[in-house]
Amino acid sequence: MIPFQYVRALKQRSAIDAVLKDKSAQFIAGGTNLVDLMKRGVTAPQKVVDITNLPLKEVVLKNNKLLIGALALNADVAEHPFVVKHFPLLSLALQAGASAQLRNMATTGGNMLQRTRCPYFYDTVLPCNKRNPGSGCGALEGYNRMHAIFGASDKCIAVHPSDMAIALAALDAVVLVSGAKGDRRIPFTDFHRLPGDRPEIDNNLVRGDLVVGVELSQNAFSKHAHYLKIRDRASYAFALVSVAAALDINGNTINNARLAMGGVAHKPWRLFTAEKFLAGKPATEENFKAAAALEMQTAKAYEHNKFKLTLAPNTVVEALKIAAKV
Ligand code: SF4
């Protein structure tokens, strides 16, 4: 590992200032991704600013909104009684992520900011536009079994690895950010970027921006929600395809649907077309299949991930059936 300076921030403002002053500085909290990246030489900050002493660990209900502090641990959020009861989709997604040990270290903010697990990104002798802009994309013509089928570009076909973020996208969460110009709110679906010509940029934060929390509004989806993750082994594996499905059902009629997919795009992939199709329709397998088929019209596979063209719609249908209890 390359030597670096370690600074522990005691105030939010001093943490932001420390990162603003030093172009190579990065915030660190649980470190479950950043330390790996540093050990492997993928990133080499000259300074890391430890934010774990900041008062951002709370999970509280305020004015009918659930506020999850950026430093709330994944395990604590997943097991929080209010989250389990009112936002079961989030609890299930968190429990599907990583391992128990990692969930005890990883934070809410860090989870959404984790970087892709594309193997070419982590292997510093191979070309990767995300790690080394302009060097090429090893995965395009390489072993791209885990890669995107939606929203990719000829510069990068990586996927976002988070499970938590897929549920937050489906639930219309809002990211709370503090930065050089004060506080701002970013809708979760606008937080992460597609790769386009700048795959090295994962999200819409700017230098000095600190994620301070996530806000969720209470909703009518708690009775019919499911997170279905398909992976190569039952635990500690990233999604081949995952689906966050939440339905507001009256009798057998769907009032509203919320759907997002993981393992298929550079950002949590919200299924707006399928949601629109399902609103006002009966909760039947036939309608679920039609909704999934509509969404798949824009999918594009590469040499080794063609199986996702079948796996993705099947996972959408199965997640909807489990959520709807049909
Ligand atoms: Fe790098 Fe993206 Fe290509 Fe992977 S898919 S090698 S992360 S540019």
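User: What distance separates the centres of domain 1 and domain 2?

Analyst: This is a predicted model, and in it the centres of domain 1 and domain 2, taken over C-alpha atoms, are separated by 37 Å.

User: And which residues belong to each domain?

Analyst: The division of the chain puts residues 1-49 in domain 1 and residues 225-324 in domain 2.

User: Switching to cavities, how many of 30 Å³ or more turn up?

Analyst: Searching the whole structure gives 4 cavities of 30 Å³ or more. The largest cavity has a volume of about 80 Å³, while the second largest cavity comes to about 60 Å³.

User: What lines the largest cavity?

Analyst: There are 16 lining residues, and those nearest the centre of the largest cavity are Cys118, Cys128, Cys137, Cys156 and Ala158. Sorted by class, this lining consists of 10 nonpolar, 4 polar and 2 charged residues.

User: Where does the ligand go?

Analyst: The ligand takes up the space of the largest cavity. Around the ligand there are 14 residues, with Cys118, Cys128, Cys137, Cys156 and Ile157 the closest, and this shell divides into 9 nonpolar, 3 polar and 2 charged residues.

User: OK, and which residues line the second largest cavity?

Analyst: The lining of the second largest cavity is made up of Gln114, Arg115, Thr116, Lys130, Ala158, Val159, His160, Pro161, His192, Asp202 and His266. By class, that lining has 3 nonpolar, 5 polar and 3 charged residues.

User: What about open space, say the volume of the second largest pocket?

Analyst: The second largest pocket holds about 240 Å³ of space. It is lined by 19 residues, and Arg117, Cys118, Met146, Val159 and Phe238 are the closest to its centre. The classes in the lining of this pocket are 9 nonpolar, 7 polar and 3 charged.

User: New topic: how do E6 and E7 run, parallel or antiparallel?

Analyst: Strand E6, residues 174-179, and strand E7, residues 182-187, run antiparallel and are joined by 6 bridges. Together E6 and E7 form a hairpin, with 2 residues between the strands.

User: Which residue in E7 is the bridge partner of leucine 176?

Analyst: In E7, leucine 176 has arginine 185 as its bridge partner.

User: And in general, where do side chains point along a strand like that?

Analyst: As a general rule, the side chains of a regular strand alternate between the two faces of the sheet.

Notes
Residues numbered from 1 in each chain as written. Predicted model: local features only at pLDDT ≥ 70, side-chain atom pairs only at ≥ 80, totals over all residues. Heavy atoms only, no water. Domains from an automatic or database assignment. 1 Å grid on protein atoms, 1.4 Å probe; cavity = no way out; pocket = protein on both sides within 12 Å on 5 of 7 lines; lining within 4 Å. Points joined across faces, edges and corners; volume = space filled by probe spheres on them. Nonpolar A, V, L, I, M, F, W, Y, C, P; charged D, E, K, R; others polar. Near = heavy atom within 4 Å. Sits in = over half its atoms within 2 Å of the grid points. Pairing = 2+ DSSP bridges. Helix = DSSP H or I, 4+ residues; strand = E, 2+ residues; numbered from the N terminus.
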